[in-house]
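Have the sequence and the 3D view ready as you read.

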Amino acid sequence: MASVSVYNMEGKEVGKMELNDSIFAAPVNEHLVHKAVVLQLANKRQGTQKAKTRSEVRGGGRKPWRQKETGHARQGSIRAPQWTGGGMVFAPVPRDYSFKMNKKEKVAAMKSVLSAKVSENKFIVVDSLDFEVPKTKKMREVLGNLNADKALVVVDGDASNTILSVRNIPTARGVYSNSVSVYDILKYDTVVITKSAVSAIEEVYA
């Protein structure tokens with residue numbers, strides 16, 4: 001099994017932790033990783049864009065001038081697309097951009113990105129991230145001690161103070177282990193994760 005160092009909040013190594021190879025040393029499937037990212041971004045799209053076609057624009061029921069002998073090009077309606085105030089050609093309409101991945105694909109994508117971070121030494125395990133009160137300054141110091149400026153902080157259990165401490169840091173994001181996503185792991189350079197969160201992820205994906 002792969003082994004990683006465990007650090008404290010001061011950035012000092014305090015031990016080792018064995019990782020489940022089936023999760024943290026899995027083969028990287030780039031296709032499924034890409035699909036998972038597109039899935040998350042597509043599912044966030046509202047799809048509420050709308051413009052009117054010539055059949056929906058108000059007015060234009062009367063032919064603007066007779067067909068022949070005027071010297072003008074023939075016209076059937078002042079709401080045709082070439083007229084100012086006319087309808088749009090192939091106007092966008094509300095649509096649903098979301099699609100689905102099956103569970104095995106989602107699991108494989110998550111294992112791929114976790115394994116990639118471990119292999120790149122961008123997976124930092126800390127023994128705990130305990131904050132009595134939310135404190136952005138203290139969290140900045142912790143991330144500085146771990147050399148993880150642009151980091152995804154993953155916690156487990158009752159860690160609301162930790163999440164709030166990360167919230168005002170523009171280059172970091174705090175999430176719980178049950179809501180971590182492939183997109184977030186790829187977006188941030190380093191994953192800073194507690195031992196309990198590692199155990200929680202292993203229970204889910206093992």
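Phe24 and Phe123 are both buried, where buried means under 20% relative accessible area, exposed over 50% and partly exposed in between (1.4 Å probe, protein chains only). You are looking at a predicted model, in which local features need pLDDT of at least 70, side-chain atom pairs count only at pLDDT 80 or more, and totals for chains, interfaces and linings use all residues. Residues are numbered from 1 along each chain as its sequence is written, and side-chain values use heavy atoms, leaving out hydrogens and water. The predictor's confidence in each residue, pLDDT, runs from 0 to 100; the protein averages 93.

How many aromatic pairs does a search of the whole structure find? There are two. Rings of Phe, Tyr and Trp (its six-membered ring) pair if their centres lie within 6.5 Å; planes under 30 degrees apart count as stacked, over 60 as edge-to-face and the rest as tilted.

| Pair | Centres apart | Planes | Type |
|---|---|---|---|
| Phe24 and Phe123 | 5.3 Å | 55° | tilted |
| Trp65 and Trp83 | 5.9 Å | 45° | tilted |

Phe24 belongs to helix 1 (residues 21-24) and Phe123 to strand 3 (residues 123-126), so this pair links distant parts of the chain, 99 residues apart. Helices (H or I, at least four residues) and strands (E, at least two) are DSSP runs, numbered from the N terminus.

Trp65 and Trp83 both lie in the loop between helix 2 and helix 3, 18 residues apart in sequence. Trp65 is partly exposed, at 26% relative accessible area, and Trp83 is partly exposed too, at 27%.
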